[in-house]
Amino acid sequence: MANEFKANVGGKVSKKEAMEWIEKYDKEMRKDKSKDTKSVFFGREILLRILSEEGSAGITFFFALKYNESVKKETVQLVLVPTREDGTYIWPEDNSRGGVGGAAAFDWGWPCPPYC
């Protein structure tokens, strides 16, 4: 698996196929449509910052459960981590928000709901 995490991994899918997958997730996983996460938005600047991290070949998106104050329950969130070509993650050097020297795991995207 070494050196398989290239910058060109991934590809386009049709809108029809994407919508089928989204709708299936919505039907099977989002039991409470007014509170359960449908999507998470991250801004361009954050994505470019992750991609510009020294040694980053791309981004690994981790699913996570985190308490969402606006809907008063644990909801699915995304944690974004810069990833090297060998598949290792570029984690912060400490546990503080933002890390040391710029390396960081990223959260705080806007979940839908409530940001829809």
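Is Phe62 buried, partly exposed or exposed? Phe62 is partly exposed, at a relative accessible area of 28%. For these words, buried is under 20% relative accessible area, exposed is over 50%, and partly exposed lies in between, with a 1.4 Å probe and protein chains only.

Before I go on, the source of the numbers. This is a predicted model, in which local features need pLDDT of at least 70 and side-chain atom pairs count only at pLDDT 80 or more, while totals for chains, interfaces and linings use all residues. Residues are numbered from 1 along each chain as its sequence is written, and side-chain values use heavy atoms, with hydrogens and water left out.

Now the aromatic residues. The structure has four aromatic pairs. Rings of Phe, Tyr and Trp (for Trp, the six-membered ring) pair if their centres lie within 6.5 Å; planes under 30 degrees apart are stacked, over 60 edge-to-face, and the rest tilted. One of the pairs is Phe62 with Tyr89: the centres are 5.3 Å apart and the planes at 70°, so this pair is edge-to-face. It links distant parts of the chain, with Phe62 in strand S2 and Tyr89 in the loop between S3 and S4, 27 residues apart. Strands (E, at least two residues) and helices (H or I, at least four) are DSSP runs, numbered from the N terminus. Tyr89 is partly exposed at 32%. Tyr89 also pairs edge-to-face with Trp91, at 6.0 Å centre to centre and 75° between the planes. Trp91 is partly exposed too, at 45%. Phe62, Tyr89 and Trp91 make up one aromatic cluster.

Next, Trp108. This residue is in the loop between S3 and S4, and its phi is positive, near 70°, though it is not glycine. Trp108 is exposed, at 53%. Lys66 lies over the face of Trp108, 3.8 Å from the ring centre; the test is NZ of Lys or CZ of Arg within 6 Å of the ring centre and within 35 degrees of the ring normal.

Last, the disulfide. There is one, defined as a pair of cysteine sulfur atoms within 2.5 Å. Which residues does the disulfide join? Cys112 and Cys116, with 1.8 Å from S to S. The torsion about the S-S bond is about 110°, so the disulfide is right-handed. Cys112 is buried at 9%, whereas Cys116 is exposed at 70%. The peptide bond from Cys112 to Pro113 is cis, with omega near -5°. Another cis peptide bond joins Pro113 and Pro114, with omega about 10°.
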